[in-house]
Amino acid sequence: MREVIEFDVVIVGAGPAGLAAACRLGQLAAARGTAPSVCIVEKGASVGAHILSGAVLEPRALAELFPDWRERGAPVEVAVASERCTWLLGPRRSVTVPHMLLPLPLHNAGNFIVSLGALCRWLAEQATALGCDVLPGFAATDVIYGEDGCVVGIATGAKGISRDGTPKPTAETGTELRAKYVIFAEGCRGSLGRELESRFALREGAEPQHYGIGFKELWEVDAARHRQGAIQHTLGWPLADDTEGGGFVYHAAGRKVALGFIVALNYRNPHLDPFAEFQRWKQHPEIRRVIEGGRRVGYGARALNKGGLLSLPRLTFPGGLMVGCEAGFLNGAKLKGTHTAMKSGMLAAEAVFDALARGAHGADLTQYAEQLRASWVFAELYTARNFSAGITKLGTRLGAALAFIEHNLLRGRMSLTLRNPEPDHARLHAAADAKPIEYAPPDGVVTFDRLSSVYLASTEHDEDQPCHLELRDPTVPLAHNLPKYGEPAQWYCPAAVYEIATDAAGAPMFRINAANCIHCKTCEIKDPAQNIKWIPPEGGSGPNYVDM
């Protein structure tokens, strides 16, 4: 029997959206002179352990939540001092795009270079001070429904279960956290969010969500190569014009440089290896000159949703709400989503608090969606609605030109809305119809292999636990994906989880190295047969990012 604990509100996920929601609930309760009954569960071993972002922060939502964030000591200190966008024309050539030709959303005056993990830890401290309970190390594995079908809580997963499903001596049952409302803030491609979308038909009328995979490395560089506050974005090489993506270089404090690379998961060539493209990108003189002679101290990868406004699901259902990247509030034109995620969490908190004050429990709080539509979040996403679809349809060059026209000349008032109805996984060509890509071996100086990178992610899983990567049909990888697509799981996974090996008789076998997993969710998104289901492993498992 699972223990049952009652709260007014349970929040799933201690990312910026979930924590902003908790803080706002705490503020509203304090203004009324009551104590909040709010619990946040987080599957990472600590708050921030699974948080990965560039990150350049637009502080708008933070300032609305805590106008005195500077006085409170928020870890938001390095202002953007200079910015540059570079078009890489080949492995050695590049051209700087004049600032006046950049789409306005890419201008970063007034923004800050931050560690999003550090910001989340600070937000958790504020939530705790406001009376909220923050519980890291507990994975929410099930939604609990009432007799009338509404959401009434979540259950955390059991711990100490062996690979064959039998309990170990240290086994612990999960806990039921019951609530009048549950705010789902799992982040991109949340497992409970996917269940809710299906159960309540939340995606009816919405376009498919579209995704990218984002890589990040943290480097300590030579002081002579470090320019605190400088940011650089790149487009072009090594990706072809029909493959959306690009890189970033952010000079943070203390000789730290965050650099990363994003590849849209709607690419067509099954031979493409996003991790290897990231390593190849670092070889360009524009990037190599910054990090050569430095030391790589962190690595991570994470899927990000980029469909924008047209891919948003319905956000509410009886007893629950979706916020942040759980729903898909990232602004692709700005390359930012923290500020929109936080604002969505704050608006959800206000809707929930108002309902609780009225004694309305388990309702479908459609006013949350109405408040979002009236907010600056909707205005931002509306003006950016064509960004991703434009690049998908027109390619990087023409898509970027369209973004300039739409934002700089028409100021977001273009009447045309582009559609992108094809799911990312459905775009792959057959391997026989695609051009193979040769990748150079890593040099161990600037470029590295997957396993040494996973080591820097500090990912940990008890290998004697049930595999959290389920195949709906175990025959599909070898019977379908391998002959038709070359089994792209071995290429799109950034952590060497999937491999084609051979058995004792020399026959191919599909191996899942689940202990390597860094919880990026790319496999569930890009598998052409949609045969992989990612479920949360034991709470506290996965990467342990520090200052990422």
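Predicted model: local features only at pLDDT ≥ 70, side-chain atom pairs only at ≥ 80, totals over all residues.
Trainee: Which residues of helix H12 are buried, and how do they lie around the axis?
Mentor: Helix H12 covers residues 476–485. Its buried residues fall within an arc of 75 degrees seen down the axis, so they line one face of the helix. The buried residues are Val476, Pro477, Asn481 and Tyr485.

Trainee: Which exposed residues does the face of H12 turned away from its buried side carry?
Mentor: The buried side of H12 has a cover that includes strand E21 (469–471) and strand E23 (508–512). On the face turned away from that side, the exposed residues are Ala479 and Pro483.

Trainee: Are the rings of Phe184 and Phe317 stacked or tilted?
Mentor: The structure holds 14 aromatic pairs. In the pair of Phe184 and Phe317, the ring centres are 6.0 Å apart. Planes under 30 degrees apart would count as stacked. The planes here stand at 45 degrees, so the pair is tilted.

Trainee: How many residues apart in sequence are the parts tied together by Phe184 and Phe317?
Mentor: Phe184 belongs to strand E13 (residues 175–184). Phe317 belongs to strand E19 (residues 316–317), so the pair ties together parts whose separation in sequence is 133 residues.

Trainee: Are the rings of Phe200 and Phe317 stacked or tilted?
Mentor: Phe317 is buried, at 0% relative accessibility. Its ring centre and that of Phe200 are 5.2 Å apart. The planes are at 15 degrees, so the pair is stacked.

Trainee: Over which ring does the charged end of Arg385 sit?
Mentor: The charged end of Arg385 is 4.1 Å from the centre of a ring. That ring belongs to Tyr382.

Notes:
Residues numbered from 1 in each chain as written. Heavy atoms only, no water. Buried < 20%, exposed > 50% of the residue type's maximum accessible area, 1.4 Å probe, protein only. Helix = DSSP H or I, 4+ residues; strand = E, 2+ residues; numbered from the N terminus. Arc of directions from axis to C-beta. Contact = heavy atoms within 4.5 Å. Phe/Tyr/Trp six-rings, centres within 6.5 Å; stacked < 30°, edge-to-face > 60°. Lys NZ or Arg CZ within 6 Å of the ring centre and 35° of its normal.
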